[in-house]
Amino acid sequence: MNSKKPTIAVPFFVGLVVGVLATVFLPGYVRPYLPQWVMGKTIVVKGTITAKQKKEKVLLLTVDTPEGVMLATFKKKVDEINLLINEKDTIDLTVPKYMPFIDDPKIVRVVKEQQAVPEPAPAARPREQGIKEGKPKPQDRPSAAASAPSTTPREQGIKEGKPKRQDRPSAAASAPSTTPR
């Protein structure tokens, strides 16, 4: 009468161990794929980076926010975040609630520090400087082309057979002004 029926205790303990391990390790892997409403309420904290320190495989950022100062510790994508963020940059982080110490918060936005652009100094032309300083201007010999009689563009147009353009004063220039004083 010894029947080999499986007991309920073995599946119960296996399910309990799987449930505990899934609760501990699964949220970190599943969180990026779940919609925001499933994860619960989070807030966006905006602050300025006051200090940045990299230790081996960890990046520490001190963020000054309106709620207070936060120390954000990044253990994932350390090199990428280190290149992206500098001191005095403005950063937006998604956190469940304000906490002074937070591990791997989600970065929503980074705004770089605006550096003042220096105005370019007005550069004087070398020719103007020579004239102002009274340096003698080198004298050139007149060339053969310069000594030939010059013709204006209007005269060139007439010689080529183009009709002569008539210059008429504009209607606004010739009409008397009628504005009251």
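## Strands β2 and β3

Strands β2 and β3 run antiparallel and are joined by six bridges; two strands are taken to pair if DSSP finds at least two bridges between them. Helices (H or I, at least four residues) and strands (E, at least two) are DSSP runs, numbered from the N terminus. Across this pair, Val-63 stands opposite Met-70 in β3. The two strands form a hairpin with four residues between them, and Gly-68 in the turn has a positive phi of about 150 degrees.

The model is predicted: local features need pLDDT of at least 70, side-chain atom pairs count only at pLDDT 80 or more, and totals for chains, interfaces and linings use all residues. Residues are numbered from 1 along each chain as its sequence is written, and side-chain values use heavy atoms, with hydrogens and water left out.

## The sheet as a whole

β2 and β3 belong to an open sheet of six strands in the order β5-β3-β2-β1-β4-β6, with mixed pairing. Its edge strands, β5 (101-103) and β6 (106-111), each pair on one side only. From one strand to the next, the twist averages 35 degrees (axes are lines fitted to C-alpha atoms, and angles run from 0 to 180 degrees between N-to-C directions).

Strand β1 (residues 43-55) is antiparallel to β2 (residues 58-64), with seven bridges joining them. Here Lys-54 stands opposite Leu-59 in β2. This hairpin has two residues between its strands, and Glu-56 in the turn has a positive phi of about 45 degrees. Strand β4 (residues 90-95) is joined to β6 by five bridges, again in an antiparallel arrangement; the bridge partner of Ile-91 in β6 is Val-110.

Thr-73 lies in strand β3 (residues 69-74). Thr-73 counts as buried because its relative accessibility is 12%, where buried means under 20% relative accessible area with a 1.4 Å probe, protein chains only. Leaving aside residues up to four places away in sequence, Thr-73 touches Val-58, Leu-59, Leu-60, Ile-102, Asp-103, Asp-104 and Pro-105; contact means heavy atoms within 4.5 Å.

## The chain overall

The chain has seven helices and six strands, which follow the pattern α-α-β-β-β-α-β-β-β-α-α-α-α along the sequence. Of its 181 residues, 14% are buried. Among contacts with a separation of 6 or more, 48% are between residues 24 or more positions apart. The chain exposes about 16,200 Å², of which carbon and sulfur atoms supply 59%; such areas come from the Shrake-Rupley method with a 1.4 Å probe.

Technical notes: Buried means under 20% relative accessible area, exposed over 50%, partly exposed in between (1.4 Å probe, protein chains only).
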